[in-house]
Amino acid sequence: MLRQLKQFYRSVILPDRLFLLRKAKQEKILYLTFDDGPVAGVIEPLLALLDKHQIKATFFVLGSRAAKHPELMSAIHSCGHTIANHSYSHPAFNKISHADKLKQVVQANDIIQQTTGQACRLFRAPQGRWDLRLLLALGRKKITAVHWSRDSMDFLKEPAENIAARFNQQPVQAGDIILFHDDDIRCVEALELLLPLWLKQGYRFDALENNLK
Ligand SMILES: [Zn+2]
């Protein structure tokens, strides 16, 4: 009850268009998201794996890496995935000024626009460090702040089996936005174990829309 009440208040104060934590539970859809790429050597097998299962996902790229690898940006884009913004250089957002945060957002969006020809309206702060002033500034720019409802904890750099085991212990739920990091091959290894399982459980996958209503 308390949780429902909290969710209700949060949705009034922070609607999904401003701050997206998870999607509606009505349909059995999962939203895979990948932070910190694109990185050569990881993105190719990851795209191949997603393609094999005909899955669309969302890539929160770093502007600095995207600028170095426009060919990887084209590869993600041409596979039909959504490309989103994860800042230019991944600074600790609790340690830089408000103006610098916005600069990070704009710089990365410019590179995304240059490399894909598409405007980007989704942003995830490094380490999910949000503050209200940032959320409101993003809202004014019609950019949605996207968090996650499930963390793969792949940043711990444990074997893929451990990542999969955690999801088995605490199963995913419809509408979950799941956080992975595609700067390390571990995300591919873990998804090789998890995707067949989730598909067998009847889940479908979708990319987040670049223009949330
Ligand atoms: Zn990150």
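Trainee: What makes strand 3 and strand 4 count as a pair?

Mentor: This is a predicted model, to begin with. Strand 3 and strand 4 run parallel and are joined by 4 bridges. At least two bridges are needed, so they pair. In that pairing, Phe 59 sits opposite Ile 83 of strand 4.

Trainee: And how do you know that strand 2 pairs with strand 3?

Mentor: By the same test: the cut-off is at least two bridges, and 3 bridges join these parallel strands, so they qualify. Phe 34 faces Phe 59 of strand 3 there. Between the two strands the chain passes through helix 2, and this β-α-β crossover is right-handed.

Trainee: Which way do the side chains of strand 3 point?

Mentor: Thr 58 and Phe 60 go one way, Phe 59 and Val 61 the other, and all of them are buried.

Trainee: Let's do the metal. What makes Asp 36, His 86 and His 90 donors of the zinc ion?

Mentor: Their donor atoms, OD of Asp 36 and NE2 of both histidines, lie 2.1 to 2.2 Å from the zinc ion. The limit here is within 2.8 Å, so they count as donors. Along the chain, the donors have the spacing D-x49-H-x3-H. Asp 36 lies in the loop between strand 2 and helix 2, while His 86 lies in the loop between strand 4 and helix 5, 50 residues apart. Both Asp 36 and His 86 are buried.

Trainee: Why is Tyr 88 called partly exposed?

Mentor: Its relative accessibility is 23%. Buried means under 20% and exposed means over 50%, so Tyr 88 falls in between. Tyr 88 is placed in the loop between strand 4 and helix 5. Beyond its neighbours within four places in sequence, Tyr 88 has contacts including Leu 62, Gly 63, Gln 104 and Ile 111.

Trainee: Now helix 6. How do you know that its buried residues are on the same side?

Mentor: Leu 134, Leu 135, Ala 137 and Leu 138 are the buried ones. They span an arc of only 165° around the axis, so they share the same side of helix 6. The face turned away from that side carries exposed Leu 132, Arg 133 and Arg 140. Among the elements covering the buried residues are helix 5 and strand 6.

Trainee: What makes Asp 131 a cap for helix 6?

Mentor: A side-chain oxygen of Asp 131 lies 3.1 Å from the backbone nitrogen of Arg 133, at the N-terminal end. Polar contacts are counted within 3.5 Å, so this distance passes. Just after helix 6, Lys 142 adopts a positive phi of about 60°.

Key
Residues are numbered from 1 along each chain as its sequence is written. This is a predicted model: local features need pLDDT of at least 70, side-chain atom pairs count only at pLDDT 80 or more; totals for chains, interfaces and linings use all residues. Side-chain values use heavy atoms; hydrogens and water are left out. Donors are N, O and S atoms within 2.8 Å of the metal (3.2 Å for Na, K and Ca); water is not among the atoms, so sites may look incomplete. Buried means under 20% relative accessible area, exposed over 50%, partly exposed in between (1.4 Å probe, protein chains only). Contact means heavy atoms within 4.5 Å. The arc is that of the directions from the helix axis to the C-beta atoms. A polar contact is a pair of N or O atoms within 3.5 Å; within protein, one must be able to donate a hydrogen and the other to accept it, and residues adjacent in sequence count only if both atoms are side-chain atoms. A crossover is right-handed if, with the strands pointing away from the viewer, the path from the first strand over the helix to the second runs clockwise.
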